[in-house]
Amino acid sequence: MDSSRSLECVLSMQGGEDDVSYAKNSYGPAAALASSKPMLTSAINSIKLTEGGSSHIIKIADLGCAVGDNTFSTVDTVVEVLRRRLTVIDGKSDQPELEFEVFFSDLPSNDFNTLFRSFEEKVNGSSHKYFAAGVPGSFYGRLFPKGELHVVVTTSALQWLSQVTGKVMEKGSKTWNKGRAWIQGAEGEVVEAYAEQSDKDLVQFLKCRKEEIVEGGVLFMLMGGRPSGLVSQVSDHDSSLRHLFTIFMDQAWQDLVDEGLIEEEKRDGFNIPVYLRSTEEIAAAIDGCGGFKIEKMEVLKIADPMNAKQQELKDPETYGRAMSTSVQAGLKPMVEAYLGPDLTRKLFKQYAVRAAANREFLKENSFYYMIAVSATRV
């Protein structure tokens with residue numbers, strides 16, 4: 001948990017297709033994708049392919065692809081728009097048929113087996129056919145040869161950092177994130193330590209993409225973030241309360257300590273490697289890296305999909321279990337690697353209990369922010 005190498009081995013969304021899988025609980029990312037689709041479509045329509053390989057073989061990469069319908073939905077949009085646009089431009093009968101090669105990339109811990117088992121049914125059974133390959137590895141490093149890619153998309157992934165900075169686990173220091181699993185509500189020094197790691201990571205991500213994307217190609221990023229001027233990681237009290245990483249997560253960990261199941265030191269050694277960047281932080285990283293021109297940056301205010309569950313699940317206990325299922329989809333592999341299966345089950349059971357105890361959930365709606373950025377490789 002305290003190094004980028006160890007984190008790469010355990011950081012993934014919950015695989016498979018059961019009730020706690022990411023594939024069945026990625027409503028939030030799906031809502032963000034739907035909101036950002038017009039911007040993605042516009043970005044692809046404006047692509048300027050001037051260099052880098054044959055214009056009839058278009059190479060697309062989805063970085064941090066995870067698993068499930070969202071993965072295919074993103075790529076389908078890119079392929080559909082490009083096919084339509086380039087066919088119009090190059091639509092001569094003597095031209096070779098336009099072909100697409102798509103690289104699905106994520107950490108080796110991602111469930112590529114489930115992803116590709118569904119590939120034939122979801123992709124090649126539709127009109128959006130393309131050749132596909134899996135590329136395991138961190139997008140904070142190089143993944144492809146120079147000047148190889150025409151379009152790179154990454155959705156709901158860049159808020160995950162390459163590592164938890166060691167500063168937040170230095171016992172007794174100002175940056176020690178004692179008693180918290182995440183940084184919401186932490187001291188300013190703790191948040192700044194996360195921000196420093198976030199800046200390094202985003203610049204490194206951009207430097208790698210600058211090498212891999214052809215001139216005129218498109219980089220489209222959709223990540224958890226916050227608008228200009230918002231200091232807090234989450235938007236308001238209600239969002240803070242419902243945010244998967246905040247109050248109930250801390251309470252559940254404390255329950256394990258209070259019951260004598262783990263020591264405080266064990267609790268304090270777990271930090272969730274997520275940072276929600278501001279628009280200014282993203283713009284500064286892009287400007288500092290060079291090689292990209294920001295075409296558009298937009299803050300998307302997304303209604304929490306759990307709002308809809310309020311009518312469906314009026315019983316607090318049922319709602320609490322639904323909340324726990326949702327958080328397991330994103331965190332269970334990392335928690336289980338740290339605690340083991342038995343304590344992990346206990347932790348998420350306590351999370352459900354804590355969520356069920358706060359009945360305000362059934363009355364208040366909340367939202368969160370995503371930031372969409374389209375940039376051209378110059």
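**Helix packing and buried cores in a predicted model**

Q: What share of the protein chain counts as buried?
A: Of the 378 residues of the protein chain, 55% count as buried, that is, under 20% relative accessible area with a 1.4 Å probe and protein chains only, where over 50% is exposed and in between is partly exposed. This is a predicted model, in which local features need pLDDT of at least 70 and side-chain atom pairs count only at pLDDT 80 or more, while totals for chains, interfaces and linings use all residues. Residues are numbered from 1 along each chain as its sequence is written, and side-chain values use heavy atoms, without hydrogens and water.

Q: How many helices and strands are there?
A: The protein chain has 13 helices and eight strands. These are DSSP runs numbered from the N terminus, with helices (H or I) of at least four residues and strands (E) of at least two.

Q: And how much of the contact count comes from residues 24 or more positions apart?
A: Such pairs account for 83% of the contacts in the protein chain with a separation of 6 or more; a contact means heavy atoms within 4.5 Å.

Q: Turning to the inside, which residues touch the most other members of the largest nonpolar core?
A: They are Met 249, Trp 253, Ile 272 and Leu 331, in a core of 40 residues. A nonpolar core is a set of buried Ala, Val, Leu, Ile, Met, Phe, Trp, Tyr and Cys residues joined through side-chain atoms within 4.5 Å.

Q: Which helices each supply at least two residues of this core?
A: Helix H6 (188-212), helix H8 (247-258), helix H12 (316-339) and helix H13 (341-357) each do. H12 gives the most to this core, with eight residues.

Q: What does Trp 253 touch, not counting residues up to four places away in sequence?
A: Trp 253 touches Ala 181, Ile 262, Arg 267, Phe 270, Tyr 338, Leu 339 and Leu 347.

Q: How do H8 and H13 pack?
A: Their axes are 8 Å apart, at an angle of about 125 degrees. That makes H8 oblique to H13, and H8 passes H13 in a right-handed crossing. On the H8 side the contact includes Phe 248, Met 249 and Trp 253, and on the H13 side it includes Leu 347, Phe 348 and Tyr 351. The residues of this contact divide into ten nonpolar, two polar and three charged.

Q: What do those terms mean?
A: Axes are lines fitted to C-alpha atoms, for helices over the stretch in contact, and angles run from 0 to 180 degrees between N-to-C directions. Under 35 degrees counts as roughly parallel, over 145 as roughly antiparallel, 65 to 115 as roughly perpendicular and the rest as oblique. A crossing is right-handed if the near helix is turned clockwise from the far one by less than a right angle, and left-handed if anticlockwise. Ala, Val, Leu, Ile, Met, Phe, Trp, Tyr, Cys and Pro count as nonpolar, Asp, Glu, Lys and Arg as charged, and the others, Gly among them, as polar.

Q: At what angle do H12 and H13 cross?
A: They cross at roughly 150 degrees, and their axes come within 8 Å. That makes H12 roughly antiparallel to H13, and the crossing is right-handed. The residues of their contact divide into 14 nonpolar, four polar and four charged.

Q: Is Phe 348 buried or exposed?
A: Phe 348, which is found in helix H13, counts as buried because its relative accessibility is 3%. Leaving aside neighbours within four places in sequence, Phe 348 is in contact with Met 249, Ser 324, Val 327, Gln 328, Leu 331, Lys 332 and Val 335. The C-alpha atoms of Phe 348 and Ser 324 are separated by 5.9 Å, although the two residues are 24 residues apart along the chain.

Q: How far apart are the axes of H6 and H10?
A: The axes of H6 and helix H10 (residues 279-289) are 9 Å apart, and the helices pack at an angle of about 45 degrees. H6 and H10 are therefore oblique to each other, with a right-handed crossing.

Q: Where is Asn 177 found?
A: Asn 177 is found in the loop between strand E4 (149-155) and H6. Asn 177 is buried, with a relative accessible area of 1%.

Q: Which loop holds Ala 66?
A: Ala 66 lies in the loop between strand E1 (57-63) and helix H3 (69-90). Ala 66 has a positive phi of about 60 degrees although it is not a glycine.
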